[in-house]
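Please keep the sequence and the structure in view while reading.

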Amino acid sequence: FYVAAGFVAGGLVFAPITALITLTIFIFGPFKGAAYALFGTGLNATVTYGAGFFLGRDFIRRLAGSRLNLLSQKLGKRGVISITIVRMVPIAPFSIVNVIAGASHIGFADFLIGTLLGILPGVLAIAGLIDRGIALFTDPDWGSAAGFVAVVVVICVGALLFWKRLQKEEEKEIAD
C-alpha cells in the first residue's frame with residue numbers, strides 16, 4: 001500500500017519516475033522491487049492520465065500551448081506503439097506525458113498497455129544493475145564483475161538495437 005501511495009503521490013508532484021523505480025528496487029530487491037515498481041508506475045500513470053482527462057483538453061492546451069496538439073496527434077496516431085516509444089525515449093517528464101495523454105485522443109487501454117510495455121525494459125535494466133552492482137560491492141570477485149559487465153552489455157546492445165529500429169521507423173514515416 002505504501003509503495004503504491006508513494007508512486008501516486010510522486011506522480012502528482014511530478015517526481016522523476018526513474019528515481020521512484022530505482023528507490024523501490026533498491027529497497028525491495030530486484031524481483032519484488034521490479035514488480036512493485038511496475039505496479040506503482042501503472043497506478044501513477046492511471047491517476048495522472050485521469051487528471052488530464054478530467055481537466056480536459058482546453059485547460060491542458062492553455063498550460064501546454066500549441067505543443068499539445070502536436071503531441072496529442074503523435075500519441076493518437078499509432079496508439080500503443082506511440083506510447084511505448086514515448087516511454088522508451090522520454091520526451092518529457094513521465095507525469096506530464098500522462099496528463100497530456102489523458103487530455104488527448106489516445107484511449108486509456110492503449111495508453112496503459114503502451115506505458116507498461118515501454119517502461120518494462122527500463123525497470124528490468126535498473127533491477128539488473130542494482131542487483132549486480134550490490135553483488136559486486138558485497139562480494140567483489142570476477143564472477144560479480146562479469147555479471148555486472150554482462151548486464152551493462154545487454155543494456156547497451158538493447159539500446160542500440162532499439163535506436164536502429166526507431167531510425168528505420170522514422171525513415172519509413174518520412175517516406176510515407
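Throughout, a residue is called buried when its relative accessible area is under 20%, exposed when it is over 50%, and partly exposed in between, with a 1.4 Å probe and protein chains only. The model is predicted, so local features need pLDDT of at least 70 and side-chain atom pairs count only at pLDDT 80 or more, whereas totals for chains, interfaces and linings use all residues. Residues are numbered from 1 along each chain as its sequence is written, and side-chain values use heavy atoms, with hydrogens and water left out.

**Overall fold**

- The chain contains 9 helices and 0 strands, where helices (H or I, at least four residues) and strands (E, at least two) are DSSP runs numbered from the N terminus.
- Along the sequence the pattern reads α-α-α-α-α-α-α-α-α, and buried residues account for 36% of the 176 residues in the chain.

- With 26 residues, H3 reaches 36 Å from its first C-alpha to its last, which is close to the 38 Å expected at 1.5 Å a residue, the expected span being 1.5 Å times one less than the number of residues.
- The buried residues of H3 include Gly 33, Ala 34, Ala 37, Gly 40, Thr 41 and Gly 42, and among them are also Asn 44 and Tyr 49; Gly 56, which follows H3, has a positive phi, near 90 degrees.
- H3 and H8 pack at an angle of about 150 degrees with their axes 9 Å apart, where axes are lines fitted to C-alpha atoms, for helices over the stretch in contact, and angles run from 0 to 180 degrees between N-to-C directions.
- The two helices H3 and H8 are therefore roughly antiparallel, a description given to angles over 145 degrees, while those under 35 count as roughly parallel, 65 to 115 as roughly perpendicular and the rest as oblique.
- Ala 127 is found in helix H8 and is buried at 7% relative accessibility; its C-alpha atom is separated by 9.8 Å from that of Lys 32, although Ala 127 and Lys 32 are 95 residues apart along the chain.

**Helices H1 and H2**

- The axes of helix H1 (residues 2–12) and H2 come within 10 Å and cross at roughly 165 degrees, so H1 and H2 are roughly antiparallel, and their crossing is right-handed.
- Phe 14 lies in the loop between H1 and H2 and, although not a glycine, has a positive phi of about 60 degrees; at 45% relative accessibility, Phe 14 is partly exposed.

**Salt bridge**

- A search of the whole structure finds 1 salt bridge, defined as a side-chain nitrogen of Lys or Arg within 4 Å of a carboxyl oxygen of Asp or Glu.
- The side chains of Arg 132 and Asp 131 meet in a salt bridge at 3.0 Å, N to O; Arg 132 is partly exposed at 26% relative accessibility, and Asp 131 is partly exposed with a relative accessible area of 28%.

Key: A crossing is left-handed if the near helix is turned anticlockwise from the far one by less than a right angle, and right-handed if clockwise.
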